[in-house]
Each structure stands twice: as C-alpha cells, then as structure tokens.
Amino acid sequence: MGPPPVTITMSRGRRIDLSGPQYYQDLLTGIAMEILGELGELEKLDLAALGEDAFEQVVSITQIRLLNELYYGLGQLRAAGMELDVKRAIQDLRDIWNRYIDSTNRPPGLKFQVDPVEDQVQ
C-alpha cells in the first residue's frame, strides 16, 4: 500500500489535505467539518417551526451526505492503491460526527445513528 494522495476532492469540489501523518483522521474530520458547514446553512431555517418531518429530513440528508462523502473519499484512496476498512471508517466517522454534535450543543437527533445489530460486539 503506497502513500495517500496529497489531497482528495469531495463531491462538491472542496479539497481535503491528506499530506499530514494523520491522513485517515484528516479525511474523516474534513468530511465531518464540511457536512457540519452544510448543516449550519440548513439551521439558518427555523427547523422547529417546520415541524418534525422537516427535522427528520435534515437528519436523513445529513447522514446520506456523510456516507456519500466517505465512500467518495475512500474510492479516491482505493484508486491510489490504498485499501481501508469501510465498516471501520463508517464507525470512526460516526464517532467523530457524534462528538461534534455533542460539542456544538446540537439536538441529539442529529447524531449519526447505526443499526443496533451492527453496533454489537461479536
């Protein structure tokens, strides 16, 4: 497995710098920060006034965006000859995302939910 590419490009054009020694952490953190920025734009709307259905849509869209960007980034790493464990990457991204949700005092409903069966230790 060779070194990671210096950067990857997210689906909407933003680049994530992977030149540092913690490229895996940089990838996941970069994805989380980008989606938090998008969430911040959505939060400019009064989600509470829109009702529960709108909030659930924001949660669904946010989780889809997180996974799409993760797969997009992992695909670029794979093309560069790097194979990463997808399940572990999903779990690690979930952990990073959920810490950001907690640390920014956002509603717990925005946390990245995982299938309870998947979360059990085997």
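**View 1. The residue that follows helix H4 in this predicted model.** Just after H4, Asn 105 adopts a positive phi of about 55°. The helix itself covers residues 86-103, and its 18 residues should span 26 Å at 1.5 Å a residue, which agrees with the 26 Å that separates its end C-alpha atoms.

**View 2. The start of H4 and its buried residues.** At the start of the helix, a side-chain oxygen of Asp 85 comes to within 3.0 Å of the backbone nitrogen of Lys 87. The buried residues of H4 are Ala 89, Ile 90, Asp 92, Leu 93, Arg 94, Ile 96, Trp 97, Asn 98 and Ile 101.

**View 3. Asn 98 in helix H4.** Asn 98 has a relative accessibility of 13% and therefore counts as buried, the cut-off being under 20%. When residues up to four places away in sequence are set aside, Asn 98 touches Lys 111 and Phe 112.

**View 4. Helix H3 and the glycine that follows.** Helix H3 comprises the 28 residues 52-79, for which a span of 40 Å should be found at 1.5 Å a residue, and the 41 Å between its end C-alpha atoms agrees with this. H3 is followed by Gly 81, whose phi is positive and near 90°.

**View 5. Confidence in helices H4 and H5.** Among the elements of the protein, H4 has the highest mean pLDDT, 96, whereas helix H5 (residues 116-119) has the lowest, 49. Over residues 117-122 the pLDDT is below 50, and this stretch has three contacts in the model beyond near neighbours in sequence. The protein averages a pLDDT of 87, with 89% of the residues scoring at least 70.

Key. Residues are numbered from 1 along each chain as its sequence is written. This is a predicted model: local features need pLDDT of at least 70, side-chain atom pairs count only at pLDDT 80 or more; totals for chains, interfaces and linings use all residues. Side-chain values use heavy atoms; hydrogens and water are left out. Helices (H or I, at least four residues) and strands (E, at least two) are DSSP runs, numbered from the N terminus. Buried means under 20% relative accessible area, exposed over 50%, partly exposed in between (1.4 Å probe, protein chains only). Contact means heavy atoms within 4.5 Å. pLDDT is the predictor's confidence in each residue, from 0 to 100. The expected span of a helix is 1.5 Å times one less than its number of residues. A polar contact is a pair of N or O atoms within 3.5 Å; within protein, one must be able to donate a hydrogen and the other to accept it, and residues adjacent in sequence count only if both atoms are side-chain atoms.
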